[in-house]
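I opened this model to look up its elements, its core and its charged pairs. My entries follow in the order of the look-ups.

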Amino acid sequence: METAGKDTVTANKNKTAEMLFTKEQLKRSQKFANRKDLLEILLEDGEQYPIAKVEQVITKFMKGDMK
């Protein structure tokens with residue numbers, strides 16, 4: 001029974017981690033307040049992104065590793 005409870009908590013954490021946001025939502029967020037210019041050029045209008053992917057794209061751009 002304990003394992004099922006732990007699995008539920010893990011599943012809920014994964015759902016939270018995979019929340020998707022539009023470029024406009026991300027630009028309005030406090031987390032990316034100083035990166036609005038990068039979000040504008042790196043993200044596509046109408047697409048949705050998880051936070052981890054946005055951070056990855058920004059990091060890759062900042063390292064000059066865009067192809």
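I took helices (H or I, at least four residues) and strands (E, at least two) as DSSP runs, numbered from the N terminus. This is a predicted model, in which local features need pLDDT of at least 70, side-chain atom pairs count only at pLDDT 80 or more, and totals for chains, interfaces and linings use all residues. Residues are numbered from 1 along each chain as its sequence is written, and side-chain values use heavy atoms, with hydrogens and water left out.

**Entry 1: overall layout.** I found four helices and two strands in the protein chain. Their order from the N terminus is α-β-α-α-β-α. I looked up the surface next, using accessible areas from the Shrake-Rupley method with a 1.4 Å probe; for residues, only the protein chains shown count as cover. The accessible surface of the protein chain is about 5400 Å², and carbon and sulfur atoms hold 52% of that. I call a residue buried under 20% relative accessible area, exposed over 50%, and partly exposed in between (1.4 Å probe, protein chains only). Of the 67 residues in the protein chain, 19% are buried.

**Entry 2: the core.** A nonpolar core is a set of buried Ala, Val, Leu, Ile, Met, Phe, Trp, Tyr and Cys residues joined through side-chain atoms within 4.5 Å. The largest one has ten residues, including Phe32, Leu39, Tyr49 and Val57. Helices α3 (36-42) and α4 are the elements that give two or more residues to this core.

**Entry 3: tyrosine 49.** I located tyrosine 49 in strand β2 (residues 48-50). Is tyrosine 49 buried or exposed? Tyrosine 49 counts as buried because its relative accessibility is 12%. For contact I used heavy atoms within 4.5 Å. Leaving out residues up to four places away in sequence, tyrosine 49 touches Met19, Leu20, Phe21, Leu26, Leu43, Glu44 and Val54. Leucine 20 is 29 residues from tyrosine 49 in sequence, yet their C-alpha atoms are 4.9 Å apart.

**Entry 4: salt bridges.** Side chains of opposite charge can pair when their charged atoms come close. My cut-off for a salt bridge was a side-chain nitrogen of Lys or Arg within 4 Å of a carboxyl oxygen of Asp or Glu. I counted five salt bridges in the whole structure. One of the pairs is aspartate 45 with lysine 23, at 2.7 Å, N to O. Aspartate 45 sits in the loop between α3 and β2 and lysine 23 in helix α2, so this pair ties together parts that are 22 residues apart in sequence. Aspartate 45 is exposed at 58% relative accessible area, whereas lysine 23 is buried at 4%.

Lysine 27 pairs with glutamate 40, their closest N and O atoms being 2.5 Å apart. Lysine 27 is in helix α2 and glutamate 40 in helix α3, so parts 13 residues apart in sequence are tied together. Lysine 27 is buried at 18%, and glutamate 40 is partly exposed at 37%.

I also noted glutamate 55 with lysine 31, with 3.0 Å between the closest N and O atoms. This pair links distant parts of the chain, 24 residues apart: glutamate 55 is in helix α4 and lysine 31 in the loop between α2 and α3.
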